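Here's a quick tour of the structure shown below. Take a look at it before reading on.

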Amino acid sequence: MSSVLAADLGQLLQLVPVQRAGAALLLAAVGLPVVGVVIVGLDIMPVRFAMMHVALLGIAVGLLTGLDPMLCALLACGLAGAGVAPLARGPDGLSGAMGLLMSLAIAAALLLLAVSGVNASGAFALLWGSILSVGAADLLLLGALAVTVPGLFWWRRRDLALLLYDRETALTSGVAVDRLTLILLVLVAVSVAGAIKLTGALLVDALTLLPALAARRLGTSLTSITLWAVAIGAVVNAAGFLVALSLDLPPGPVLVLTAGAVVLAVHLVPERRISSWRATASDTPSSSH
Amino acid sequence: MDALDVRLRAVGCRHGRVDAVSGVDLDVPAGGRLALTGTNGSGKTTLLRAVLGLHRHAAGEIRVGGRVARTAADWAWRRRACAWVPQKPAAGRFPLLAGELLASSGAPGQALAAAARLGVAHLADRAVDTLSGGQLQRTYLARAVGCVATGAGVLLADEPTAALDFTGQEEAADLLLSLPVTLIVVTHDRALAARCDRVAEMAAGRLREAA
């Protein structure tokens, strides 16, 4: 039985779309979990839903004006990310801003679609991608993301660590908080919207948020959390994809369930055990708490 | 940067509809040491935060080193010029290492040396959310030393000894008063207040000279 499965898997891995999907998942595992770390750090977990709705608004604008709908969608997401940046200064932060954005965007999109006479589900379909249908251009885009996102992180890691820890601490440490928040939000918005198109909406969570949520529990600093997120992303993507191929199941749900299982497993491990894994936290406190 | 003078004129701050600070005039000459006392909720913390531009609804004029802050560049200069020890260090949404907090002063070496003096240098690799209140307060004090090393001319310290034991309070006071800066310290610690040049008291958002 297992040899038959292995033979089937070997044959499947010879197929070009499968090879491309595997390469896309590995590239995505480098860039997207890092985006997920920002999402967790800025507390903007509804961002995927917000960007889906903003992208739909962009598509509606594209269909109404005759411009490329996907380009309009990415542009709308970038502008929306930049637009909510000033709300980070408020006491409610960005979490509420994402909810507001989601509601406003879907209302505006549905209104525009009604005015333009386009079927909403047809517009949504333009947004949906699949990991098994990625092309060479998509791979290039994911490769660019895999280089630029971790590169930006490494370059500005001091500022990012302070900003994600606390906005006021960052402000009083000379970090250009407003500019950095804006850059991060645009990066997150465009990455998430782009990833929805490349991999499908469901898979975006497995590629971004879930590795970061597991890493958040395992790491003690921005650098260690980022490294954990990329490592978990790579392992989950490889394992989930191979399982999906072996069992002839759709990759998206299998990858999400695999990543979700890892998050649950990490949260079920007792804190004391995790602490012993953290080499950096090995010193014991010298004074009482 | 040498010690800088601090001058406040008719400063008022609101929390919603509540006047937290009103009509505050204050002059602290360069190198002066002012203890700011008063009951809880009298506006001391809000006043210090207004100097740093962290309180958004502030009126009046605040000058540090003769400069008011209007643009983003002005505020960036102000925050470099004024080191800050917060009353309630941020809980933090995300982990930050104590070493990273020390390095955020801009002078990691000096901050780490000060952390060693205060007995917290060995915690540099620990996440700040795992430190006790006293350890965190000492870390913020060490960070302030780093800020002074990079050129801050004013130190705004908000109850910097509140979480410390008696020995720690004395060590912290020695450190604060040894720095070549203008010091404005919010405190309920009578020993620390007595070692300052002046004591001013806040009550219901207003300031009066106590000694």
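Of the 289 residues of chain A, 45% count as buried, where buried means that 20 or more other C-beta atoms, placed from the backbone, lie within 10 Å of a residue's own, exposed means 12 or fewer, and partly exposed is in between. What you're looking at is a predicted model, in which local features need pLDDT of at least 70 and side-chain atom pairs count only at pLDDT 80 or more, while totals for chains, interfaces and linings use all residues. Residues are numbered from 1 along each chain as its sequence is written, and chains are lettered from A and ligands numbered from 1 in the order in which they are written.

**Chain A in outline**

- Chain A has 15 helices and zero strands; helices (H or I, at least four residues) and strands (E, at least two) are DSSP runs, numbered from the N terminus.
- Take the contacts in chain A between residues at least 6 apart in sequence: 74% of them join residues at least 24 apart. Two residues are in contact if their C-beta atoms, placed from the backbone, lie within 7 Å.
- An unreviewed UniProt entry lists "transmembrane region" for several stretches of chain A, including residues 54-82 and 225-245. Positions from UniProt follow the numbering used here, feature names are shortened, and annotations may be inferred rather than shown by experiment.
- Residues 54-82 of chain A are 90% helix and 0% strand, with end C-alpha atoms 13 Å apart.
- Residues 225-245 of chain A are 100% helix and 0% strand, and their end C-alpha atoms lie 30 Å apart.

**A glycine in α5(A)**

- Gly99(A) sits in helix α5 (residues 93-116) of chain A.
- Is Gly99(A) buried or partly exposed? It counts as partly exposed, because it has 14 C-beta neighbours inside 10 Å.
- Gly99(A) and Ile39(A) are 60 residues apart along the chain, and their C-alpha atoms are separated by 14 Å.

**Where the chains meet**

- On chain A, 27 residues are in contact with 26 residues of chain B.
- Helices α8 (157-165), α9 (167-171) and α13 (222-246) of chain A each supply at least two residues of the side that touches chain B.
- The largest share of that side of chain A, five residues, comes from α8(A).
- By type, the residues of that side divide into nine nonpolar, 13 polar and five charged. Here Ala, Val, Leu, Ile, Met, Phe, Trp, Tyr, Cys and Pro count as nonpolar, Asp, Glu, Lys and Arg as charged, and the others, Gly among them, as polar.
- Buried residues of α8(A) include Leu160(A), Leu163(A) and Tyr165(A).
- The buried residues of α8(A) pack against several helices of chain A, among them α2, α7 (136-155) and α10 (177-199), and also against α3 (98-103) of chain B.

**The six-stranded sheet of chain B**

- One open sheet of six strands runs in the order β5-β6-β7-β3-β8-β9 (chain B), with mixed pairing. Two strands pair if DSSP finds at least two bridges between them.
- Its edge strands are β5 (82-85) and β9 (206-209) of chain B, each pairing on one side only.
- Why is β3 (residues 33-38) of chain B largely enclosed by the rest of the structure? Six of its six residues are buried.
- Both faces of β3(B) are covered: Arg33(B), Ala35(B) and Thr37(B) are buried on one side, and Leu34(B), Leu36(B) and Gly38(B) on the other.
- β3(B) runs parallel to β7(B), joined by four bridges, and Leu36(B) stands opposite Val186(B) there.
- Five bridges join β3(B) to β8 (residues 198-203) of chain B, also in parallel, with Leu36(B) opposite Ala200(B).
- Strands β6 (residues 154-158) and β7 (residues 182-186) of chain B run parallel too, joined by five bridges. Asp158(B) has Val186(B) as its bridge partner in β7(B).

**The three-stranded sheet of chain B**

- Another open sheet has three strands in the order β2-β1-β4 (chain B), with antiparallel pairing.
- β2 (18-28) and β4 (58-64) of chain B are at the edges with a single partner strand each, so one side of each has no neighbour in the sheet.
- β1 (residues 6-15) of chain B pairs with β4(B) in the antiparallel sense over six bridges, and Arg7(B) stands opposite Arg63(B) in β4(B).
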